[in-house]
Amino acid sequence: MGFAQYLAAREFASNTGQPLITYIFIIAMLQLIFAIMFLRGKHDRYYEYLIKCLYICTGLYLVGFIVIIFFHIQIYNTVLIEYPAGLQLPVESNRFAVPLWIESEKLYFWAMVASVFALTIKGRKELLSFLGIILSVFSSVVFFFSNPFKEPLPVVHGEITRWYAAISGDGNVYQIAGTLYGRITYYYNSTYMWTHPPMLFIAYASLIITFAACVFMLFRRIRDYDEIAYRYAKPGYILLTAGMLIGYPWAIEAWKDAAWWWDPKISGSIMMWVLYSAYLHARIYVERGKLWRTTALLGVLCFVTLVFTYLLTYIVPGIHSVVQP
Amino acid sequence: MKLKNYDYFLVVLTTAILFAIGIVCVYGITYYNYLASVPGWTETARYLQFINDMNSYLYPFLVLLLISLGLCIPKRLFEQDILVKISALALAVTVILTYSLGMETAVGFILAVITGIQGIVLILTFKKSRAVRFEKEGHIARIGSSMLHLGIVVLIFNFVTLRENQLHIMIFWAGTILVTAGNLFSFFPGRVGSLLKR
């Protein structure tokens, strides 16, 4: 086991996943067309095609996820970091247990869960068509900007490549081993990394449906839409709250005295959470006066802040961010 | 004011306060982004100043939120007029403490008061006391609502005044469990009830 086997697994993941994600993109485009045609013409035939596309897309997403799981297992099995004896680092941190929702895989994971949730909606054809449009756009974004199979896990790959180059004599083994130890212990293999992000992504996926239902609630004041929005807001809010809270002890453990208090991503997350709390609070009196409109508007605004909070990593510098000033 | 109108007013007020906290967060993001134009600014005293500034913008809304939580849950623990007067008094003491001993002490005071009230509410709810009335029907939903509110207050208390305390993380987990269980009990009382019966 070693670098050659790791490279073979990476190539396999890329070669298998690329056609899959291309099919997802093509089916998503068909899904978009059928959704628009149904919303315009209300022909049940288009709706049936749309449902078929949704099922196929979700199935392909799940198959792709199995490929991702296989690749991650192979990373764990093939890459072994043998720390120099002088460093006296624990052996628990010498293998990469890479979570399934990092780098370009996180958007894929979110889109996959959202597709699964969309299939659980019953009854409202218009709402599902609107969700079909949202999911098609989402799949396109994944295909063009966050394709996990185009160049699988570039950062992890860079770290593994540098390690094997260093032990072959090209680089400072001690320095690279020290860096890798920190990354593996506090990031990849951390229990928090295996719980905090997936809880948030599953919450986000659930809250997409709340958003779509709130949009419909704004235009057509039908009680059903509010019920659907609330039904998906409940698990979304629970996971959002618990997921965010779990990040706190992790920040203390991994960042210690680093500057993370009032970090933009954290501020954004608090903003998102208080707005979802406001939405759920306002909903208690949804039947009263014009509060149904306020509630629906809040539901839409909450989702805008959710997307904004997600994008903060890429647009504003901070400890969570990939951009620097 | 009729109790129904009073409840409605409290829900609108809480929603408005939560919205205001959201705006403070937007300001925090913009402010951070502006300050980050200077490389390495988080290693300077400017970062501490930023933290203090942001805390001082947040705390007044936090106090209002705590007051509204205090008014919201134990509606019949006291007479409505007495409750409003107690809240006004607590707010006045908080304002005086802010100017005399600093904002953290003042927030600590109001947090201690609200934690006490929420704790009593939770006990009364467990005992099925008629003194506490809720918007949500059902015993499990009521317990959930009490746990959720107590959990939120405990977490805020912990973040604001107990950051350096040895029990900080333990209290954090207690608050997290209260909030998560409270959410589950409030949102899915039927399922939780049938699980508890097994």
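Student: Is Tyr32(B) buried or exposed in this model?
Tutor: The model is predicted, and the relative accessible area of Tyr32(B) comes to 4%. Buried means under 20%. Tyr32(B) is therefore buried.

Student: Which aromatic residue pairs with Tyr32(B), and at what angle between the planes?
Tutor: A pair of aromatic rings is described by the distance of the centres and the angle of the planes. For Tyr32(B) and Trp41(B) the centres are 5.1 Å apart. Trp41(B) is buried too, with 5% relative accessibility. The pair is edge-to-face, and the partner and angle are Trp41(B) and 80 degrees.

Student: Which residue of chain A does Phe50(B) touch?
Tutor: Residues up to four places away in sequence are not counted here. In chain B, Phe50(B) touches Gly28(B), Tyr31(B), Tyr32(B), Leu35(B) and Trp41(B). The contact in chain A is Trp262(A).

Student: What is the phi of Trp262(A), and where is this residue found?
Tutor: Trp262(A) is buried, at 8% relative accessibility. Its phi is positive although Trp262(A) is not a glycine. The residue is found in the loop between helix 8 (223–255) and helix 9 (264–282) of chain A, and its phi is about 60 degrees.

Student: Which residues touch the most other members of the largest nonpolar core?
Tutor: This core has 162 residues. Helix 7 (residues 191–219) of chain A gives the largest share, 18 residues. The residues with the most contacts to other members are Phe96(A), Trp110(A) and Phe50(B).

Student: Why does this core lie between two domains of chain A, and which are they?
Tutor: A domain assignment divides chain A into two parts. Both parts give residues to the core, so the core lies between them. They are domain 1 (1–189) and domain 2 (191–325).

Student: What area is buried between domain 1 and domain 2 of chain A?
Tutor: The size of an interface is often given as the accessible area lost when the parts come together. The contact takes 27 residues from domain 1 and 30 residues from domain 2 of chain A. Carbon and sulfur atoms give 75% of the buried area. The area is about 2600 Å².

Student: How many residues apart in sequence are the parts tied together by Phe109(A) and Phe201(A)?
Tutor: The two rings form an edge-to-face pair, with 6.5 Å centre to centre and 75 degrees between the planes. Phe109(A) is buried at 6% relative accessible area, and Phe201(A) is buried at 7%. Phe109(A) lies in helix 3 (residues 105–118) and Phe201(A) in helix 7 of chain A, so the pair ties together parts whose separation in sequence is 92 residues.

Student: How many aromatic pairs are there over all chains?
Tutor: Some ring pairs link up into a cluster, whose members include Phe65(A), Trp101(A), Phe109(A) and Phe201(A). Tyr310(A) and Tyr314(A) are also among them. Over all chains, the count of aromatic pairs is 49.

Student: Which ring does the charged end of Arg95(A) sit over?
Tutor: A charge counts as sitting over a ring if it is within 6 Å of the ring centre and within 35 degrees of the ring normal. The charged end of Arg95(A) is 5.9 Å from the centre of the ring in question. That ring belongs to Tyr76(A).

Technical notes:
Residues numbered from 1 in each chain as written. Chains lettered and ligands numbered in written order. Predicted model: local features only at pLDDT ≥ 70, side-chain atom pairs only at ≥ 80, totals over all residues. Heavy atoms only, no water. Core = buried A, V, L, I, M, F, W, Y, C linked by side-chain atoms within 4.5 Å. Buried < 20%, exposed > 50% of the residue type's maximum accessible area, 1.4 Å probe, protein only. Helix = DSSP H or I, 4+ residues; strand = E, 2+ residues; numbered from the N terminus. Domains from an automatic or database assignment. Contact = heavy atoms within 4.5 Å. Phe/Tyr/Trp six-rings, centres within 6.5 Å; stacked < 30°, edge-to-face > 60°. Buried area = accessible area lost by both parts, 1.4 Å probe.
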